[in-house]
Structure formats: C-alpha cells, structure tokens
Amino acid sequence: MNREKVIFAFFIVLALTLNFGFVLGDIDNIEHHDVFELFAALVVSLICTVLKFGDRTHLGALMLATSLVADLQLIIAAGIWGYGEQMAASGMTPKLMASVVSFAAGALVANVISAVLLVVETALVRR
C-alpha cells in the first residue's frame with residue numbers, strides 16, 4: 001500500500017465531502033450554507049494541491065490540475081462571500097449566494113474528477 005496515495009485519498013475525499021455539504025441545500029438561501037464549511041473545504045483542497053506537487057506521472061499532473069481548479073473555484077467563492085458580507089451595501093443577497101454555491105459546485109466537480117483519477121491510477125498500478 002502506497003502511503004502517499006492513502007494520504008492524498010483521505011484529503012481528496014474529505015474535501016469532496018466538505019464541499020458537498022456546503023453545496024447541499026437551496027442555492028440562494030444563505031441559511032443552508034455555512035461559511036466555515038466553505039473555509040474548511042478550501043483549506044483541505046489546498047492541502048490536496050500541496051500533496052500532488054511532487055507527483056511526476058501523467059495522472060499525477062491531471063490530479064494536480066483538478067486540485068488547482070478546485071482551489072481557484074473555492075477561492076473565488078470565498079471572495080464573493082467576503083464581498084457580500086463586508087463590502088456590499090445590501091449584504092449577502094440571494095444572487096451573490098447563488099454565485100458562491102455555483103463556484104463551490106464547480107470545485108465539487110473538480111474534486112470528483114480527482115477522486116476518479118485516483119481510482120483509475122490505483123487500478124492501473126495493480127495490473
């Protein structure tokens with residue numbers, strides 16, 4: 001068993017579940033989405049990205065790319081949330097919340113792709 005893959009798998013599944021928990025609910029209802037869950041998903045996603053920097057395989061490069069996409073989407077979502085809470089005169093509107101959830105859902109898709117690529121890489125190694 002490859003310890004590096006197990007650790008990456010743990011963090012990618014953790015990021016996936018945190019992200020799914022954040023996205024779940026009405027897209028424009030702020031009470032259905034917790035900012036701390038978004039922050040936790042972002043931190044765990046950044047850890048996943050750091051873990052993939054040393055992988056020089058083709059699938060490792062794809063997993064790094066999907067992790068970078070998830071990071072970018074979550075950073076944008078957090079930025080929109082911060083703007084809505086701190087800068088916008090009207091506060092967090094349903095339209096801003098829908099944008100936050102939409103970007104977080106994009107990161108969720110990237111995390112799913114990373115998990116699928118990890119399964120494919122593991123299946124290829126076993127052959």
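A: The part in question is helix H4, and Glu121 is one of its residues, H4 spanning residues 94–126. The model is predicted, so to speak of local features a pLDDT of at least 70 is needed, side-chain atom pairs count only at pLDDT 80 or more, and totals for chains, interfaces and linings use all residues. Residues are numbered from 1 along each chain as its sequence is written, and side-chain values use heavy atoms, with hydrogens and water left out.

First, the setting. The chain has 4 helices and 0 strands, where helices (H or I, at least four residues) and strands (E, at least two) are DSSP runs numbered from the N terminus. The C-alpha atoms fill a box of roughly 55 × 25 × 20 Å along the principal axes. Of the 127 residues, 39% are buried, meaning under 20% relative accessible area, with exposed being over 50% and partly exposed in between (1.4 Å probe, protein chains only).

Next, the core. A nonpolar core is a set of buried Ala, Val, Leu, Ile, Met, Phe, Trp, Tyr and Cys residues joined through side-chain atoms within 4.5 Å. The largest one has 30 residues, and Phe22, Leu38, Leu74, Trp81, Met97 and Val100 touch the most other members. Two or more residues each come from helix H1 (3–23), H2, helix H3 (58–87) and H4. H4 gives the most, with 9 residues. Trp81 is in contact (heavy atoms within 4.5 Å) with residues including Met97 and Val100, leaving aside those up to four places away in sequence. Other partners of Trp81 under that rule include Phe22, Ile30 and Leu38.

Ala98 is also in helix H4. Ala98 and Asp26 are 72 residues apart in sequence, but their C-alpha atoms are 8.7 Å apart in space. With residues up to four places away in sequence not counted, Ala98 touches Ile27 and Asp28.

Last, back to Glu121 in H4. Glu121 is buried yet has no salt bridge, that is, a side-chain nitrogen of Lys or Arg within 4 Å of a carboxyl oxygen of Asp or Glu. The nearest side chain of opposite charge is Lys5, 4.0 Å away; for charge, Lys and Arg count as positive and Asp and Glu as negative, while His and the chain ends are not counted. Glu121 touches Lys5, Asp55, Thr57, Leu59 and Met63, again not counting residues up to four places away in sequence.
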